[in-house]
Amino acid sequence: MDGNASARGTEGQHRSPHRKAENKHEEKVQDPDRGEDETRAEMGSKTWADLAGEMKMFLWNPEERTCLGRTAKSWGVMIRPYLNGFTIAFNVSQPSTWQPYVDSMHHFLAAYDDKVQEEKNIECVSGQYFIQGGNESEEKKACQFKRSLLQNCSGIEDPTFGYSKGQPCILLKMNRIIGYRPGAGVPVSVDCKAQKGNESDLRSVDFYPGNGTFDLMYYPYYGKITHVNYTSPLVAMHFTDVKKNYLIPIQCSLNGQGIINDVNRDRFLGRIIFTLSIGK
């Protein structure tokens, strides 16, 4: 996503997107099989004061800057094109104001080109986790995610991703978490709404692929050392009918079992909040 969940890089009307390398802290490890015996062994002869102190640190760790044992990047999301100030603003009649966003999208999706995916990755069975056994050090196979799956937001038929028509596409992806199986067997979905103001300001959003879900076959992720060709799945949001000449705050959220998306102080936890301003 990659840079931070805030998806930085382009603001306003004449700046080019800045590209940043993936954050080395993006990968998180989750172990769902941790047993009670292990937990009891760790408690040992600790006093209630010790446990209370550890609980306080667990709730908020100022050194690690974690809440509930996780950073804001766990269950976090990132979007493209890169933003600066969480704003996408352009005028349809002025290509110079939206071309940087288009360039950012094409650059990001180069790794998702159909031919690239066919050469590097395999076709997988949709609707189920792709569990791979063997030695932990063995290289893992990765499932294809072709940009053609994004349909109207693929940049193939419309190389401007809708920006030239005032109907911009925005791509969303979840942070990589090693071993994570999102949704507990049910694909995580995405929805978008006007965060403030009149709901009718955001009249229509189309989602790709399908109904805007992250297929289970792309999980779990085994880490960059062994999952070398892994390509994060995407959901494209096509804002086909947005009120023009207004600043519209938009919230796009992940929905699924175990996903937290309603912490007021964390705008990146299970969601992304940004402003869309489309001029004529």
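How many salt bridges does the structure hold? The structure holds four salt bridges, a salt bridge being a side-chain nitrogen of Lys or Arg within 4 Å of a carboxyl oxygen of Asp or Glu. Three of these are among the views described below.

This is a predicted model, in which local features need pLDDT of at least 70 and side-chain atom pairs count only at pLDDT 80 or more, whereas totals for chains, interfaces and linings use all residues. Residues are numbered from 1 along each chain as its sequence is written, and side-chain values use heavy atoms, with hydrogens and water left out.

**Figure 1. Overview of the protein chain and its confidence.** The chain has four helices and 13 strands; helices (H or I, at least four residues) and strands (E, at least two) are DSSP runs, numbered from the N terminus. Of its 280 residues, 46% count as buried, where buried means under 20% relative accessible area, exposed over 50%, and partly exposed in between (1.4 Å probe, protein chains only). The average pLDDT, the predictor's confidence in each residue from 0 to 100, is 80. Confidence is highest in H4, at 98, and lowest in strand E2 (residues 60-61), at a mean of 40. Over residues 51-73 pLDDT stays under 50, as it does over residues 1-26. Where pLDDT is low, the predicted coordinates should not be read in detail.

**Figure 2. Helix H3 and its cover.** Among the buried residues of H3 are Trp98, Tyr101, Met105 and Phe108. Their cover includes strands E4 (77-80), E5 (87-91) and E6 (169-174).

**Figure 3. The salt bridge between Arg147 and Asp113.** The closest N and O atoms of this pair are 2.7 Å apart. Arg147 lies in the loop between H4 and E6 and Asp113 in the loop between H3 and H4, so the pair ties together parts that are 34 residues apart in sequence. Arg147 is buried, with a relative accessible area of 8%, while Asp113 is partly exposed at 28%.

**Figure 4. Strand E11 and its partners.** Seven of the eight residues of strand E11 (235-242) are buried. E11 runs antiparallel to E6, to which four bridges join it, and Ile170 stands opposite Met237. Six bridges join E11 to strand E9 (202-208), also in an antiparallel arrangement; here Val205 has Phe239 as its bridge partner. Two strands pair if DSSP finds at least two bridges between them.

Figure 5. Asp241 in strand E11 and Arg203 in strand E9 are 38 residues apart, and their closest N and O atoms are 3.2 Å apart. Asp241 is partly exposed at 30% relative accessible area, as is Arg203 at 48%. In the second pair, Asp201 and Lys243 meet at 4.0 Å, N to O. Asp201 is buried at 12%, whereas Lys243 is partly exposed at 26%.

**Figure 6. The open five-stranded sheet.** The strands follow the order E5-E13-E12-E8-E10, with mixed pairing. E5 and E10 (213-214) stand at the edges, each with a single partner strand, so one side of each is left without a neighbour in the sheet. Seven bridges join the antiparallel strands E12 (247-255) and E13 (271-279), and Gln251 stands opposite Ile273 in E13.

Notes: Contact = heavy atoms within 4.5 Å.
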